Amino acid sequence: MKDCLFCRIARGEIPCDKVFENECLLAFRDISPQADKHVLIIPKHHMASLNDLSEAPDALLAGLLRAAQAVARAEGIQDSGYRLVSNCGPDARQSVSHLHFHVLGGRQLSERMV
Ligand code: AMP
């Protein structure tokens, strides 16, 4: 997608603070962190949200979850704990229409999910 923000980051057209990358995925620090550790994980191939997962290969889905765990380990929050979030659609306040997972940790997070 030509003008999608996260596609542009994945193509290297917009800089990011990269944490991890492989052929299919990119992980980078959120520009407006909501916790001491806040990393976004995106598939490089455009898909708008969790609603598009039926089109995605199983290997990509597994890769996204494994990348979240690898990021948590690399960020030193594997044992202290972390939260994995993907906002989908307007009620969830998804602000970038390119599937992404937030990895949040490094402090005690709110007890409430909503
Ligand atoms: P969401 O609201 O779940 O769609 O999350 C989108 C996230 O992208 C927000 O937490 C933003 O702070 C983050 N974000 C927006 N632009 C950038 C950027 N250029 N680099 C890194 N993170 C970004």
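Let me start with Tyr-82, which in this predicted model is partly exposed, with a relative accessible area of 32%. Tyr-82 is found in strand E4, and if we set aside its neighbours within four places in sequence, Tyr-82 is in contact with Gln-69, Ala-72, Ile-77, Val-103, Leu-104 and Gly-105.

The largest pocket has a volume of about 510 Å³, and 18 residues line it, of which Gln-34, Val-85, Asn-87, Leu-104 and Met-113 are the closest to its centre. At least two residues of that lining come from strand E4, which covers 82–85, and at least two from strand E5, which covers 101–105. If you ask how the lining of the largest pocket divides by class, the count is six nonpolar, six polar and six charged residues.

Turning to the second largest pocket, about 320 Å³ of space lies there, and of the 19 residues that line this pocket, Leu-5, Phe-6, Phe-28, Ile-31 and Leu-40 are the closest to its centre. Here helix H1, running over 5–10, and strand E2, running over 25–29, each supply at least two residues of the lining, with H1 giving the most, namely three residues. By class, the lining of the second largest pocket holds 10 nonpolar, five polar and four charged residues.

Let me finish with the cysteines. How many disulfides are there in the model? The count comes to zero, and for Cys-4 the reason is one of distance, because its sulfur is 3.8 Å from the closest cysteine sulfur, that of Cys-7, whereas a disulfide needs the two sulfur atoms to be within 2.5 Å. Cys-88 is likewise in no disulfide, and the nearest cysteine sulfur, which belongs to Cys-4, is 15 Å away.

Is Cys-4 buried or exposed? With 10% relative accessibility, Cys-4 counts as buried, because the cut-off for that class is under 20%.

Methods
Residues numbered from 1 in each chain as written. Predicted model: local features only at pLDDT ≥ 70, side-chain atom pairs only at ≥ 80, totals over all residues. Heavy atoms only, no water. 1 Å grid on protein atoms, 1.4 Å probe; cavity = no way out; pocket = protein on both sides within 12 Å on 5 of 7 lines; lining within 4 Å. Points joined across faces, edges and corners; volume = space filled by probe spheres on them. Helix = DSSP H or I, 4+ residues; strand = E, 2+ residues; numbered from the N terminus. Nonpolar A, V, L, I, M, F, W, Y, C, P; charged D, E, K, R; others polar. Buried < 20%, exposed > 50% of the residue type's maximum accessible area, 1.4 Å probe, protein only. Contact = heavy atoms within 4.5 Å.
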